[in-house]
Amino acid sequence: MEPATLEGSLAALRPTLLAIARMQLRNEAWAEDVVSETLVAALEGARTFAGQSQLKTWVIGILKHKIIDQFRRARREVSTEAQMEAAQVETFDELFAADGHRLPGPLDWGDPEESLSRTQFFDVLQMCMDKLPAGLARIFMMREWLEYETSEICKELGITSTNCFVMLFRARMRLRECLEMNWFASAVKS
Amino acid sequence: MIFGWIRIPCTRAHRLLSERLDSAIAPADRWRLRLHLLVCDMCSRFERQIDLMRVAIRKLGE
């Protein structure tokens, strides 16, 4: 690949990388840093990228590593915020009857594959992730996007596994609610 | 009564459905959950929805 072409392709990827880094790190300066580091690493490593995979897949792989490095660098701050979030209690009582039955709520989401094929769905997902408290968003993205094992998350953040399950549950409940209100329940999908 | 032992409310089923995505749950809980899902549409929907969220997040950047 010609360097000029590679630079152009990387520049075009930058907004996507930044959006993902913001979602995961919830810190503007960290997000800018990891994206810059990722782009530099991609340029430097261009020779090892022989086009076996898509450029985007390759660069996102680098971004994941840079994000993990950033979490290590900011360990103290990240774990303090996670522990503060772990102390929050959220029962979701309003969604359940007194006997524990789920009140009619979850809508039928129809054909989810169709949603996943739309770019706007991912804008809504991003907006909903932004609404989560930072501590919940980070742990959720660690689990679902970085694909950490739950035990690794507990260790990294210094929280108990029970706290970990509860926080992941809270993140899923809130995200589900937000997606339903802003995407699945709305008729304006076109 | 076996049903008293095996029946769980939706609050518990919701938590187990989430926990199941993060670690192995106890065999007894697996049975409780399976039976609950057979009769509960709301929890079955919740199950499909959190599965979809997982797929959606993994697709980020693709």
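This is a predicted model: local features need pLDDT of at least 70, side-chain atom pairs count only at pLDDT 80 or more; totals for chains, interfaces and linings use all residues.

Q: Which residues line the largest cavity?
A: The lining is made by Val78(A), Ala82(A), Gly135(A), Arg138(A), Ile139(A), Met142(A) and Leu157(A). Two elements of chain A give two or more residues each: helix H4 (75–86) and helix H7 (134–144).

Q: And which element gives the largest share of that lining?
A: H7(A), with four residues. By class, the lining of the largest cavity has five nonpolar residues, one polar and one charged.

Q: How do the lining residues of the largest pocket divide by class?
A: Six are nonpolar, four polar and five charged.

Q: What about the second largest pocket, which residues lie nearest its centre?
A: Arg7(B), Ile8(B), Leu35(B), His36(B) and Val39(B), out of twelve lining residues. The space in that second largest pocket is about 260 Å³. H3(B) supplies the largest share of its lining, four residues, and by class the lining has seven nonpolar, two polar and three charged residues.

Q: Now the core. How many residues are in the largest nonpolar core?
A: It has 84 residues, and those with the most contacts inside it are Leu63(A), Ile67(A), Met129(A), Trp145(A), Leu179(A) and Leu60(B). Helix H9 (residues 161–184) of chain A gives the most to this core, eleven residues.

Q: What does Met129(A) touch?
A: Leaving out residues up to four places away in sequence, Met129(A) touches Met23(A), Arg26(A), Ala137(A), Phe140(A), Met141(A), Leu175(A) and Ile57(B).

Q: Charges next. How many salt bridges over all chains?
A: There are 21. One of them joins the side chains of Glu85(A) and Arg170(A), at 2.7 Å from N to O. That pair links distant parts of the chain, with Glu85(A) in helix H4 and Arg170(A) in helix H9, 85 residues apart.

Q: Is Arg170(A) buried or exposed?
A: Buried, at 2% relative accessible area. Glu85(A) has a relative accessible area of 11%, so it counts as buried too, the cut-off being under 20%.

Q: What else does Arg170(A) form a salt bridge with?
A: Glu90(A), with the closest N and O atoms 2.6 Å apart. Glu90(A) sits in the loop between H4 and helix H5 (112–116) of chain A, 80 residues from Arg170(A).

Q: And in chain B, what does Arg12(B) form a salt bridge with?
A: Asp29(B), at 2.9 Å between the closest N and O atoms. Arg12(B) is in helix H2 (residues 10–20) and Asp29(B) in helix H3 (residues 27–39), 17 residues apart. Asp29(B) counts as buried at 12% relative accessibility, whereas Arg12(B) is partly exposed at 36%.

Q: Last one: which residues are linked in a network of salt bridges?
A: Arg143(A), Glu144(A), Arg172(A), Asp22(B) and Arg54(B).

Terms used
Residues are numbered from 1 along each chain as its sequence is written. Chains are lettered from A and ligands numbered from 1 in the order in which they are written. Side-chain values use heavy atoms; hydrogens and water are left out. On a 1 Å grid over the protein atoms alone, a cavity is a set of points where a 1.4 Å probe fits but cannot get out, and a pocket is an open set with protein on both sides within 12 Å along at least five of seven lines; lining residues have an atom within 4 Å of a point. Ala, Val, Leu, Ile, Met, Phe, Trp, Tyr, Cys and Pro count as nonpolar, Asp, Glu, Lys and Arg as charged, and the others, Gly among them, as polar. A nonpolar core is a set of buried Ala, Val, Leu, Ile, Met, Phe, Trp, Tyr and Cys residues joined through side-chain atoms within 4.5 Å. Buried means under 20% relative accessible area, exposed over 50%, partly exposed in between (1.4 Å probe, protein chains only). Contact means heavy atoms within 4.5 Å. A salt bridge is a side-chain nitrogen of Lys or Arg within 4 Å of a carboxyl oxygen of Asp or Glu. Grid points are joined across faces, edges and corners, and a volume is the space filled by probe spheres set on the points.
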